Amino acid sequence: MSHPPLPPAPPQAPPRPPSWFPDPLDDSLLRYWDGYRWTFHTAVRHAPAPSVAEPPRQAVQPSPVPAMRPDIVAALQNVRGVLVGSMKEVNLLPGYLRPEEQVLALTAAQGEGQGVLACTNRRLLFLFVGVVRRQFLEVDWNQTKHIFYSRATKTFSVYTTKYTKRAVPALTVRVNNLNDANSIAYAAQSAAAAPRLDVV
């Protein structure tokens, strides 16, 4: 009785030559293969060095801060109240000024938001720039008839009509510091024939 022939043996992979290879159980190690089996000899596996060196990153230079106008610097030095929350508007103020207009006095003020109230040689203006809302109010000195400051409500009001109880102010903002309200009014009087500040 003859036996059927045996199927051919599957081709065997060529034997792996002895060398150091990544450890099959720990990626952080190399383990020595002796050509037949893994040995107990291990070594720390170092990360390969990058093939191309990354170019050095250049430091980003901050854009130069424009110098503040001398008239605004002088006005800032005379502010007695706190300007917290108003410096953004102070820095934007030059963009709202007319040619040859000079800032004589300024202070923090509250309108629709915390902004800056500035007295110039031409007018009184309030500027507030918020994320969603912005407010810009102005009254030229040749239109001003009366200026009031209320200690009770801390409001600074400018009227372009003769003051009566029914008169509506052209500009009303809250100024917390009476000395700063006085500075604005005195600057207005020195700049033009603006009325004196009545404190009530």
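Q: Two strands pair if DSSP finds at least two bridges between them; which residue stands opposite Trp 38 in E3?
A: This is a predicted model, in which local features need pLDDT of at least 70, side-chain atom pairs count only at pLDDT 80 or more, and totals for chains, interfaces and linings use all residues. Residues are numbered from 1 along each chain as its sequence is written, and side-chain values use heavy atoms, without hydrogens and water. Strands (E, at least two residues) and helices (H or I, at least four) are DSSP runs numbered from the N terminus. Opposite Trp 38 in E3 stands Trp 33.

Q: Which strands are the edge strands of the open sheet?
A: The sheet has three strands in the order E1-E2-E3, with antiparallel pairing. An edge strand pairs on one side only, and this holds for strand E1 (19-22) and strand E3 (38-44).

Q: In E3, what is the bridge partner of Leu 30?
A: Strand E2 (residues 29-33) pairs with E3 over four bridges in the antiparallel sense. These strands also form a hairpin with four residues between them, where Gly 35 in the turn has a positive phi of about 105°. Across in E3, Leu 30 has as its bridge partner Ala 43.

Q: Why do the buried residues of H1 line one face of the helix?
A: Helix H1 (residues 70-77) has Asp 71, Ile 72 and Ala 75 as its buried residues, buried being under 20% relative accessible area, exposed over 50% and partly exposed in between (1.4 Å probe, protein chains only). On the other side of H1, Pro 70 and Gln 77 are exposed. The buried residues line one face because, seen down the helix axis (by directions from the axis to the C-beta atoms), they fall within an arc of 100°.

Q: Which elements do the buried residues of H1 pack against?
A: Contact here means heavy atoms within 4.5 Å. On this basis, the buried residues of H1 pack against helix H2 (87-92) and strand E4 (103-110).

Q: With which residue does the side chain of Arg 69 meet in a salt bridge?
A: A salt bridge is a side-chain nitrogen of Lys or Arg within 4 Å of a carboxyl oxygen of Asp or Glu. At 2.7 Å, N to O, Arg 69 meets Asp 71.

Q: How many residues apart in sequence are the parts tied together by Arg 98 and Glu 138?
A: The closest N and O atoms of this salt bridge are 3.3 Å apart. Arg 98 lies in the loop between H2 and E4 and Glu 138 in strand E7 (residues 134-140), so the pair ties together parts whose separation is 40 residues.

Methods: Pairing = 2+ DSSP bridges.
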